[in-house]
Amino acid sequence: MTRVVACPIILAVSPAPSAPHDEEEEARMNEVARSFEGPDKTLAFEHGSLESVNVAGTGGALIRMVMHPGWRWSTDLRTMVGTDTCQTRHVGYCLEGTLHVQLDDGVSYDINPGDAFVIPSGHDAWVLGDATCTILDWGSMARAE
């Protein structure tokens, strides 16, 4: 049985800089292993948060997004991003919770714990049920701004 899954995550992305701006950033970029205990970027919003860590040798970041019950892209992030739906492609893995994804073409998917996913740009999404949904996204391998 084949199951298709998908998910929105990143608020906005841009290419990683070609050279670090300071010694601390250079040290972080040269690390082989990173922890979300000391993220490079954080963003909090009403029903969740986003953290990113730059990962050496990838040219980008790994994103962890925590979405609490009630989180929905179109209500929590639309005004920050300025588009009707999320226009970022995502590749990732769901750690916990369930996320429902609605593509602009009307196709919809649920993502559950243990699911690896790819989702194209042009989607809305929301947490299903009363459990927090936590995902990792490395699809764009870009820095969260």
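Biologist: Which residue forms a salt bridge with Glu 51?
Modeller: A salt bridge requires a side-chain nitrogen of Lys or Arg within 4 Å of a carboxyl oxygen of Asp or Glu. Glu 51 forms one with Arg 64, and the closest N and O atoms are 2.5 Å apart. The pair links distant parts of the chain, 13 residues apart: Glu 51 is in strand β3 (residues 48-55), and strand β4 holds the partner, Arg 64.

Biologist: Which pLDDT do local features need in this model?
Modeller: Residues are numbered from 1 along each chain as its sequence is written, and side-chain values use heavy atoms, with hydrogens and water left out. This is a predicted model, in which totals for chains, interfaces and linings use all residues, side-chain atom pairs count only at pLDDT 80 or more, and local features need a pLDDT of at least 70.

Biologist: Is Glu 51 buried or exposed?
Modeller: The classes rest on relative accessible area, with buried under 20%, exposed over 50% and partly exposed in between (1.4 Å probe, protein chains only). Because its relative accessible area is 17%, Glu 51 is buried.

Biologist: Which residue forms a salt bridge with Arg 72?
Modeller: The bridge joins Arg 72 to Asp 124, with 3.0 Å between the closest N and O atoms. This pair also links distant parts of the chain: Arg 72 is in the loop between β4 and α2 (73-76), while Asp 124 is in strand β9, 52 residues apart. Arg 72 counts as partly exposed because its relative accessibility is 30%.

Biologist: Over the face of which residue does Arg 72 lie?
Modeller: A charge sits over a ring if NZ of Lys or CZ of Arg is within 6 Å of the ring centre and within 35 degrees of the ring normal. Arg 72 lies at 3.8 Å from the ring centre of Trp 126.

Biologist: How many salt bridges does the structure hold?
Modeller: Besides the pairs already described, the side chains of Asp 84 and Arg 78 meet in a salt bridge at 4.0 Å, N to O. Asp 84 counts as exposed because its relative accessibility is 61%, whereas Arg 78, with a relative accessible area of 31%, is partly exposed. The number of salt bridges in the structure is three.

Biologist: How many strands does the protein chain have?
Modeller: Helices (H or I, at least four residues) and strands (E, at least two) are DSSP runs, numbered from the N terminus. Along the sequence, the pattern is β-α-β-β-β-α-α-β-β-β-β-β-β-β. The chain has three helices, and its number of strands is eleven.

Biologist: How many aromatic pairs does the structure hold?
Modeller: Rings of Phe, Tyr and Trp (its six-membered ring) pair if their centres lie within 6.5 Å; planes under 30 degrees apart count as stacked, over 60 as edge-to-face and the rest as tilted. The number of aromatic pairs in the structure is zero.

Biologist: What area does the nonpolar surface patch made by Tyr 93, Leu 95 and Trp 138 have?
Modeller: Patch residues have over 30% relative accessible area and no salt bridge, with like charges joined within 9 Å and nonpolar side chains (Val, Leu, Ile, Met, Phe, Trp, Tyr) within 5 Å. Trp 138, in the loop between β10 and β11 (143-144), is partly exposed with a relative accessible area of 35%. The patch made by Tyr 93, Leu 95 and Trp 138 has an area of about 270 Å².

Biologist: How far apart in space are Cys 86 and His 123, C-alpha to C-alpha?
Modeller: Cys 86 lies in the loop between α3 and β5, and it counts as buried because its relative accessibility is 2%. Cys 86 and His 123 are 37 residues apart in sequence, and their C-alpha distance in space is 5.3 Å.

How values were computed: Areas by Shrake-Rupley, 256 points an atom, 1.4 Å probe, with all protein chains shown as cover.
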